[in-house]
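Hi,

Here is the structure I promised to pass on to you. Have a look at it first, and then read my notes below.

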Amino acid sequence: MILRVDGRTYRGRAVAVHGLDPGRVAAAVAGGDRTAGTDDPASPDARGGDPTGRARADPTERGRRDARGDGAGEGRDRDRQFGPAVRVEAPPPGPLHDRAGLLAPDRSVAVRATVAAAARTLGHEAPQDGDVEAVRSELRSIEVGSESDDREAALRRVADLEGEEERFAERVARLQGRVQTLRDREEDADDARERLREAAARLSEVRTERLAARQRLDRIERDLRSVRDRQERRLELEDRLGNLRRAARRHLARAVWDRFRAAVDSVPGRATVGDRPGTFEGEDLVAAMAAVRIADLAAPVVVACDRFRSPAAAADRLGAPVVRVHLAG
Amino acid sequence: MLLVVTYSTAARQSLRNVRSLHEETVVRSFGRAALLAATEFGAFLALRLRERHGEDVEVRRAERFNEYRSVPEAVREAARAYESRESPSTPYERFAAGTDHPDPDRMRDREL
C-alpha cells in the first residue's frame, strides 16, 4: 500500500502517520479522492485504475469531501480547516470496510452485521441473495409519480369558496331579518328586498362554484390513488428487503461464528462470546478487530487505537494491511 | 379526529416517534397510520409530518360514525338481517332478491 500526504510517501503493509483525522484516512482508503481525479486535473489519480469504477461508501461524509487535491484557493482553505489531502493507493475496499474499516474505541458496530460482512469477504453467500436482488430490481423500477401541485391549489380554492359562501349565507340571513322587521313595522321594504335578492343571487353563484371546486378536488384525489398504490408497493418491498437482508446477515454470521469467537480471543481486549450467533458482550472495538481478523482483506484498515505494540504488530494480529493513525498532540 | 397515513418507511418511523412523544394526542395507532386528536396541536403534529415527508404523508379527517343519523333504517336493517341469515354461503344479492332489502348496486350509487 502507498499513502501520500503533505508531499510525503509511506509504503508497506503497515504504515504509521501522525496528526491526521482517522476519518479522512479511512475515506481515502475508500477512494474518496476519486472525485479529486475528475475535478482537479493537476492531481494524480491515486486509485490507479479501479476497473469497476464503483463509488465507494466511505465512513465519513466529511472525509469524502475533504480528501481532495490541492486545487486553487479552495483546496487550501479546506486544508486549513481539515488538514492536508490524503491519498491511498491500494486495492479497493470490500463490504467489511463500511463497518470495521476504521478501528477506534468510540465507534459502535452492529456485531452480527459486521461478522456477516466479514463472511462475505471470505466468499460466503446467503440463500436470500437472489431474492434481495430481485426486490432491489423491482424497487429501482418503481416510479411513484407525485401528488400534483393541483391538489394544493384545489384545496385552497375550496377553502376560500366555503368561507365566501358562509359569509354570503350570513348576509342573506341578516337581510331576511331586516326585510321581516320592516314589514312588521309596516315600513317600506323595497330597498331591503332588492338587496336581499342580490345577495341571494350571489350566494347561489358562490354555492355553484364551491360545488364545482369540490368536484374538481374529488377528481384530483381519485387520480392520486395510483400514486398511493405505488407508494404502498414500494413500502411493501422495502419491508421485504429489510427482512431478507436481516435473514441473510443471520445466515452469514452463523457460517463464521465459531471462527469469530476464536478470533476474539486473539485480539487485544476481552469479551464474552456465546455459542449462538449474535451473542457478544464486550467492547464494540473488540468485535470489529475480531471481524477484521477473520476476514480476507486487501485494502488497509485504519487503526486509531492504542492496543498494539506497533503498526506491524497490528497488521499481524489483524491479518490485514494497517494504517496506524496517531492523533495530533 | 385526524387520520394520518404514512406511505414510506421514513414517514412511518416519524409517526412512531410522534406516538411515543405525544401519547396524549395520539388517540389510536395502527402502525402505518394513526388517529390524532382534532386539536390545534394534533393538526400541528400532522402538518409537521407533511412538512417533513411531503406526499409520503396523507392527512384526512375522521368523525364519529353515527349510523342512526347517517344511514337509512333499511340499510341498517339489511345488515342485521343478512348477518343472521340461515345459510352462510348465500351472497347478499340472492338474499335480498324478492325482499324489501335494498339492492347492492343502488346502495353503491347513493352517498350517505
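To start: in which loop of chain A does E186(A) lie? You'll find E186(A) in the loop that runs between α8 (149-184) and α9 (190-266) of chain A. Keep in mind as you look around that this is a predicted model.

I picked E186(A) for its backbone. Its phi is near 55°, which is a positive value, and the residue is something other than glycine. E186(A) also counts as exposed, because its relative accessibility is 73% and the cut-off for exposed is over 50%.

With a relative accessible area of 52%, D6(A) is exposed.

Now for the sheet. Chain A has an open sheet of four strands with parallel pairing, and the order is β3-β9-β8-β5. At the edges sit β3 (14-18) and β5 (102-103) of chain A, each of which pairs on one side only. Helix α1 (residues 22-29) of chain A packs on this sheet, where it touches β5, β8 (301-303) and β9 of chain A. The direction of helix α1 makes about 170° with that of β8(A).

If you zoom in on β3(A), you'll see its partner, strand β9 (residues 322-326) of chain A: the two pair in the parallel sense over five bridges. Which residue of β9(A) stands opposite V17(A)? That one is V325(A).

Cheers

Terms used:
Residues are numbered from 1 along each chain as its sequence is written. Chains are lettered from A and ligands numbered from 1 in the order in which they are written. This is a predicted model: local features need pLDDT of at least 70, side-chain atom pairs count only at pLDDT 80 or more; totals for chains, interfaces and linings use all residues. Side-chain values use heavy atoms; hydrogens and water are left out. Buried means under 20% relative accessible area, exposed over 50%, partly exposed in between (1.4 Å probe, protein chains only). Two strands pair if DSSP finds at least two bridges between them. Contact means heavy atoms within 4.5 Å. Axes are lines fitted to C-alpha atoms, for helices over the stretch in contact, and angles run from 0 to 180 degrees between N-to-C directions.
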